[in-house]
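Subject: Structure handover

Hi,

Here is the structure I promised to pass on to you. Have a look at it first, and then read on for what turned up.

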Amino acid sequence: PGEAAAWALYAPLAAPGGPFWYAQVGQTLDGRIATASGDARDVSGLGGLRHLHRCRALAEAVIVGVRTALGLLDDVPLAQICIANTDGASLVPSDWLARQRELADEGWDAVLGRVQPDLADLPEALHRAITGAVATPGERIYGANLGLRASAYVAAGGFGSAAEHEDQRIVAAVRRTGARVTASIASPVLT
């Protein structure tokens, strides 16, 4: 009986065909997905963790948080790791990661990239106003196009648990460490 139930649950994930996206999320009753220290182990329980690892075994790619990724790369110096941040509703250009890496290789610890709003469904007047604001020279912080050297990220204390403006908060914290920050208009992200 247990084997049949497992097959019924996981077989669709292993079936051939087009792309198949799924998410496994553990959450507490108060809406948290991790403990205050960032540990998610105690949130999902043993059954949730077993389910997560079964799903990961079937996946071609797994999205994890920054702390998890850095833990997996603990043999690589933090100064050699670039964290390229965007969001699920954005489309990055094909040269985006290469451009983030180039700027890191030039010695920048944080790269504040530009975004281009998806204006397809907006009225013309709003389209012009937004396009002008995004094209205006100067430094802006967009979490949808933010590159951070891992050493700067860790020195700044990470993203923390802010409900909003986490991009602005981490850039301010990175600056307080004395890290080098630049703005780039190359490779804007469509969001």
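Helices here are DSSP runs of H or I with at least four residues, strands are runs of E with at least two, and both are numbered from the N terminus. With that in hand, the order of elements from the N terminus reads α-α-α-β-α-β-α-β-α-α-β. That comes to seven helices and four strands.

Please keep in mind that this is a predicted model. The mean pLDDT of the protein chain is 78, with 74% of its residues at 70 or more. Confidence is highest in H6, at a mean of 95, and lowest in helix H5 (residues 124-135), at 62. Where pLDDT is low, the predicted coordinates should not be read in detail.

Some overall numbers come next. The protein chain has 191 residues, of which 27% count as buried. Taking contacts between residues at least 6 apart in sequence, 69% of them join residues at least 24 apart.

**The nonpolar core**

The largest nonpolar core has 19 residues. Leu 70, Ile 83, Leu 146, Leu 148, Tyr 153, Ile 170 and Val 174 have the most contacts inside this core. Two or more residues each come from helix H3 (66-72), S2, S3, helix H6 (150-155) and H7. H7 gives the most, with four residues.

Ile 170 sits in helix H7, which covers residues 166-176. Is Ile 170 buried or exposed? Its relative accessibility is 2%, so Ile 170 counts as buried, the cut-off being under 20%. Beyond its neighbours within four places in sequence, Ile 170 is in contact with Leu 146, Leu 148, Tyr 153, Ala 156, Gly 158 and Phe 159. Gly 157 is 13 residues away from Ile 170 along the chain, and their C-alpha atoms are separated by 7.9 Å.

The other residue is Leu 70. Not counting residues up to four places away in sequence, Leu 70 touches Leu 78, Ile 81, Ala 150, Tyr 153 and Val 154.

**The cavities**

How many cavities of 30 Å³ or more does the structure hold? There are two.

The largest cavity has a volume of about 60 Å³. Its lining is made up of Cys 82, Ile 83, Ala 84, Gln 100, Ala 104, Trp 108, Asp 109, Ala 110, Val 111, Gly 147, Leu 148 and Arg 149. Strand S1 (82-85), helix H4 (96-105), strand S2 (110-116) and strand S3 (146-149) each give two or more residues to this lining. By type, the lining of the largest cavity divides into eight nonpolar, two polar and two charged residues.

The second largest cavity has a volume of about 40 Å³. Trp 96, Arg 99, Gln 100, Leu 103, Val 111, Gly 113, Asn 145, Ser 184, Ala 186 and Ser 187 line this second cavity. At least two lining residues each are supplied by H4, S2 and strand S4 (181-190), and H4 has the largest share, with four residues. Here the lining divides into four nonpolar, five polar and one charged.

**Residues around the second cavity**

Leu 103 lies in helix H4 and is buried, with a relative accessible area of 5%. Leaving out residues up to four places away in sequence, Leu 103 touches Trp 108, Val 111 and Ser 184. Leu 103 and Ala 183 are 80 residues apart in sequence, yet their C-alpha atoms are 10.0 Å apart in space.

Ser 184 belongs to strand S4. At a relative accessible area of 9%, Ser 184 is buried too. Apart from neighbours within four places in sequence, Ser 184 is in contact with Arg 99, Leu 103, Val 111, Leu 112, Gly 113 and Arg 114.

**One more buried residue**

Asn 85 is found in strand S1. Its relative accessible area is 12%, and Asn 85 is therefore buried, since the limit is under 20%. Which residues does Asn 85 contact, leaving aside its neighbours within four places in sequence? They are Trp 96, Gly 143, Ala 144, Asn 145, Leu 146, Leu 148 and Phe 159.

Happy browsing, and write back whenever you like.

Best wishes

Key: Residues numbered from 1 in each chain as written. Predicted model: local features only at pLDDT ≥ 70, side-chain atom pairs only at ≥ 80, totals over all residues. Heavy atoms only, no water. Buried < 20%, exposed > 50% of the residue type's maximum accessible area, 1.4 Å probe, protein only. Contact = heavy atoms within 4.5 Å. 1 Å grid on protein atoms, 1.4 Å probe; cavity = no way out; pocket = protein on both sides within 12 Å on 5 of 7 lines; lining within 4 Å. Points joined across faces, edges and corners; volume = space filled by probe spheres on them. Nonpolar A, V, L, I, M, F, W, Y, C, P; charged D, E, K, R; others polar. Core = buried A, V, L, I, M, F, W, Y, C linked by side-chain atoms within 4.5 Å. pLDDT = per-residue confidence, 0-100.
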